[in-house]
Amino acid sequence: MGKFAKGWITLALVGLVGVVAVSFRPGSGAAESADTFHVVWNDSFADVAGLTRAADLVIIGTVQTSTVEMVHDLPFTNYVIKVDRVISGASVDEVTVRETGGVVGNRVRQADDDPMMQSGAREVLFLRKSGDGNPWYWVVGGPQGRFHSMGGRIQPVDPTRSVQRAQAGVDEQALVDQVRSLH
Amino acid sequence: MLLCLLSAPLVASAHYVTFGGKWYTNNVYFTYTQSTSDNYLSVVRDSAQSWNSTSVNFLFYDGGVSNAGPIWLLDQSYGATGWSAITENFNSFGTTCWACTYYKSKIQINDTYMLTATGPWKHYVIAHELGHTLGLDHANPSHLMSNDGTAGTVTAPMQHDIDGGTSIYGTK
């Protein structure tokens with residue numbers, strides 16, 4: 001067998017071993033663009049009325065900057081939100097909202113049902129004060145109290161939740177009116 | 001093609017959903033910090049036993065206070081995050097994954113809520129998280145692995161949860 005043929009055979013074997021190794025590598029699960037963890041949320045909200053009752057502040061805002069802080073090996077992200085509109089609560093121009101998860105190194109760690117907020121995104125947020133002296137707010141019920149607003153329409157963050165699905169496609173102003181009618 | 005088949009992430013039935021992964025063995029021990037032992041040991045043991053007493057061919061063993069267990073529980077005060085506990089599963093490289101072979105799990109308990117929670121809620125949370133370590137995803141309607149409305153009304157695996165577990169590990 002000539003050198004040329006041996007070279008091709010060697011190359012083919014190396015390639016085959018490589019394919020097999022990759023195929024059987026544990027953790028090669030598809031679509032894991034982020035490292036997800038699974039969460040038990042304390043509260044389960046049936047409707048917008050429940051979210052409103054639990055919130056200290058309801059706003060429409062745009063995500064500006066974010067900073068990540070590690071707490072006992074778990075990332076938390078503080079977002080500065082420019083308040084476009086206060087729906088319920090005291091008038092503010094800007095708030096800090098804290099979310100569990102964040103970018104660590106070159107990987108995102110986040111709850112499977114509560115994806116990290118994106119810079120520039122317009123969100124409807126039902127917010128609760130931290131209650132422990134910290135200056136930030138938490139979103140009520142994790143993913144339940146956050147809705148995307150795109151082109152004037154509401155989009156759920158977590159469509160598996162009934163409280164979120166119920167608002168899918170609703171006009172942003174209709175959601176504002178719904179919250180205000182509860183006061 | 002082979003990659004696609006091996007990486008199929010979810011297996012769903014009418015009442016349970018699996019991540020598409022499982023432990024490399026059917027016998028796994030859990031360990032915990034001293035604080036977790038002080039605060040939640042009876043709940044953790046009860047919750048493990050609630051799975052062990054089912055027909056799912058898998059056993060949780062108590063490995064005592066250590067951080068070396070394949071399943072490791074720890075508790076901290078994380079603040080008013082809105083969650084009681086979170087779970088991550090890892091492959092042999094220590095990378096978080098769900099549709100893979102599991103070599104480690106970590107359950108983090110939020111003392112901010114759990115220290116003062118009711119007994120049923122504590123049992124629901126820990127048994128639910130142990131269900132995730134087995135490879136079970138959230139599924140509704142109401143049973144242990146539900147995340148929409150169950151809220152402490154279920155404290156141990158129900159038939160749909162057991163069906164999910166046996167679909168992964170077989171029947172004893």
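Reply: Two residues are in contact if their C-beta atoms, placed from the backbone, lie within 7 Å. The model is predicted. Among contacts in chain A with a separation of 6 or more, the share from residues 24 or more positions apart is 55%.

Me: What pattern does chain A follow along the sequence?
Reply: Chain A has four helices and nine strands. Read in sequence order, the pattern is α-β-α-β-β-β-β-β-β-β-β-α-α.

Me: Is Val108(A) buried, exposed or partly exposed?
Reply: Val108(A) lies in strand β5 (residues 107–111) of chain A. Leaving aside neighbours within four places in sequence, Val108(A) is in contact with Ala34(A), Asp35(A), Val103(A) and Met116(A). A buried residue needs 20 or more other C-beta atoms within 10 Å and an exposed one has 12 or fewer. Because Val108(A) has 16 other C-beta atoms within 10 Å, the class is partly exposed.

Me: Which element gives the most to the largest nonpolar core?
Reply: The largest nonpolar core has 46 residues, and Val39(A) and Val44(B) are among those with the most contacts inside it. Elements giving two or more residues to this core include β1 (35–41) of chain A, and α2 (34–52) and α4 (119–134) of chain B. With seven residues, the element that gives the most is α4(B).

Me: Which residues does Val44(B) touch, not counting residues up to four places away in sequence?
Reply: Val44(B) is one of the residues with the most contacts inside the largest nonpolar core. With residues up to four places away not counted, Val44(B) touches Tyr32(B), Leu73(B) and Ile126(B).

Definitions and conventions:
Residues numbered from 1 in each chain as written. Chains lettered and ligands numbered in written order. Predicted model: local features only at pLDDT ≥ 70, side-chain atom pairs only at ≥ 80, totals over all residues. Core = buried A, V, L, I, M, F, W, Y, C linked by C-beta atoms within 7 Å.
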